[in-house]
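Subject: Handover of a structure and findings

Dear colleague,

Please find below the structure that I am handing over to you.

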Amino acid sequence: MAREYDVVILGGGVAGYYCAKALRKEGKSVAIIERDSLGGTAIRWGAVPVKRALDFFKENKGNIDELLNRWQDDLAELGRRTKSSLSSIRVDVYYGEGELVDSHAVKVGGSILTSGYIIIATGTEAISIDGIPVDREWIITHREAVELKDIPKSLVILGGNVEGIEFASLYSQLGVNVTVIEKENSILPGYDGDLAYPIEKKLMDKGVKIVKGKSAIKAYVENSNVKVILDDESIMEGEKVLVTLLRKPNFPKGIERLNIRYSESKILVDSNLKTSVDNIFAIGDINGIMGLGNVAINQGLQVAEYILNGRNISMNYESLPRAVFTLPEIAGIGRQEEDLRGVSYKVGYCNFKDTWRGWSRDLDEGFVKVIVDEGQNVLGIWMVGNMVSEYIGMISPLFNNNLTLDHIKSNLIIHPTLTESILEAVLNINNGR
């Protein structure tokens, strides 16, 4: 069977999902080919489920049994919502592994789909590390960890990165004895120490053991437990081991037939996210630019705009808003102090408890810090606290228009709200570092 579309998208994760919605809104016929579950890592196998579970604890919605009893239904609902959203706008979804036939045709099952444009949004997947083979039973990835089936009594997490620390937050709340092993000397590499410290303290208060400055070199199953050997020959042990360290690209089948340039880790693209084949694009994790869900979404929307209107793509990755969905959360935009070594800058802090809204809500944790240069240009705004991820996203348009201290001081902020802490932090700026 042959079908013709304006655009065929390989991969139903957030990059492909939002790209398809933007294209359909302007009347383009679109097909998505998905080999597994719609939503990908961001919606189905990681980000959204983990955040939903953590919100359960942040908002005191009930006891653990209530969460676990309905969890599989919640995961199934994610798939239904994603499929329903696409069906409602008449995006055709094909399940199976898409195979590139030529630059205008993709095969899936018994169907050949032809199109003017092909968009590769196949993402990446977790893989084993040397000496520690993933078997998805004893040594697992985020896909197994998010299922929350047969909760182990103990869990060793390899990697104190964002994924590892988010899962440490979740599983420690579930009463699991958690150990985190991070080869660097601090958890959450890439985040300033004052941002990471409250998360580390909360984890340790929950009994999480954090081993820093050591690498895992081998793991094996013995007596129904997994033993992890570190580079100093010490041994950590747990019922399961969660690997959060490495990922590999999901190159589409048949890519070698086309003149698409790619390396071992990614498909190579130009500034418009176009591959070396003029009508084929690569968006999301598969292009290796930055493995974040909001980046994938934005790339999907911008490629749609390029196809629809020929508008060149412009993305400012330096001022990308980011969040870590731990207990408490980290969220921010722009540069951090560790990015500014050798550069003169100033910092202002405000604790949420010192704001009027923080007082009215009896907050005892969380803060905002604002980093500025000598010319009073805002270099970064960073927050730690419960649900701070909700506050930072829409600061991005302001930030990208050369936000200054005068802009913050001369604009109105609702009183009393926690966003007043940004103004308070500006008023508390020190004499420089």
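Predicted model: local features only at pLDDT ≥ 70, side-chain atom pairs only at ≥ 80, totals over all residues.

I begin with helix 1, which comprises 12 residues and reaches 16 Å from its first C-alpha to its last, close to the 16 Å expected at 1.5 Å a residue. Because 9 of its 12 residues are buried, helix 1 is largely enclosed by the rest of the structure. Those buried residues include Tyr17, Cys19, Leu23 and Arg24. They pack against strand 1 (2–10), strand 2 (30–34), helix 2 (40–43), helix 4 (64–88), strand 6 and helix 8. Just after helix 1 comes glycine 27, with a positive phi of about 90°.

Helix 8 (residues 293–309) has 17 residues, and its span of 24 Å between first and last C-alpha is close to the 24 Å expected at 1.5 Å a residue. Among its buried residues are Val295, Gln299, Val303, Tyr306 and Ile307. The cover over the buried residues of helix 8 includes helix 1 (14–25), strand 6 (111–120) and strand 17 (280–282). Glycine 310 follows helix 8 and has a positive phi, near 70°.

The largest nonpolar core holds 74 residues, of which Ile119 and Tyr171 touch the most other members. Helix 1 gives the most to this core, with 7 residues. Apart from it lies another core, of 22 residues, including Ile333, Phe352, Val368 and Ile422. As for tyrosine 171, its contacts, leaving aside residues up to four places away in sequence, are Ala145, Leu148, Ile151, Pro152, Leu155, Val176 and Val178.

The second largest pocket contains about 350 Å³ of space. Its lining consists of 16 residues, and Ile395, Leu398, Ile408, Ile413 and Ile422 lie nearest its centre. By type, the lining divides into 11 nonpolar, 4 polar and 1 charged. Strand 22 (378–385), helix 10 (389–392), helix 11 and helix 12 each supply at least two residues of this lining.

Finally, the loop between helix 11 (395–399) and helix 12 (405–410) contains threonine 404. Is threonine 404 buried or exposed? Threonine 404 counts as buried because its relative accessible area is 17%, and the cut-off is under 20%. Not counting residues up to four places away in sequence, threonine 404 touches Gln376, Asn377 and Val378.

Yours sincerely

Technical notes: Residues numbered from 1 in each chain as written. Heavy atoms only, no water. Helix = DSSP H or I, 4+ residues; strand = E, 2+ residues; numbered from the N terminus. Buried < 20%, exposed > 50% of the residue type's maximum accessible area, 1.4 Å probe, protein only. Contact = heavy atoms within 4.5 Å. Expected span 1.5 Å × (residues − 1). 1 Å grid on protein atoms, 1.4 Å probe; cavity = no way out; pocket = protein on both sides within 12 Å on 5 of 7 lines; lining within 4 Å. Points joined across faces, edges and corners; volume = space filled by probe spheres on them. Nonpolar A, V, L, I, M, F, W, Y, C, P; charged D, E, K, R; others polar. Core = buried A, V, L, I, M, F, W, Y, C linked by side-chain atoms within 4.5 Å.
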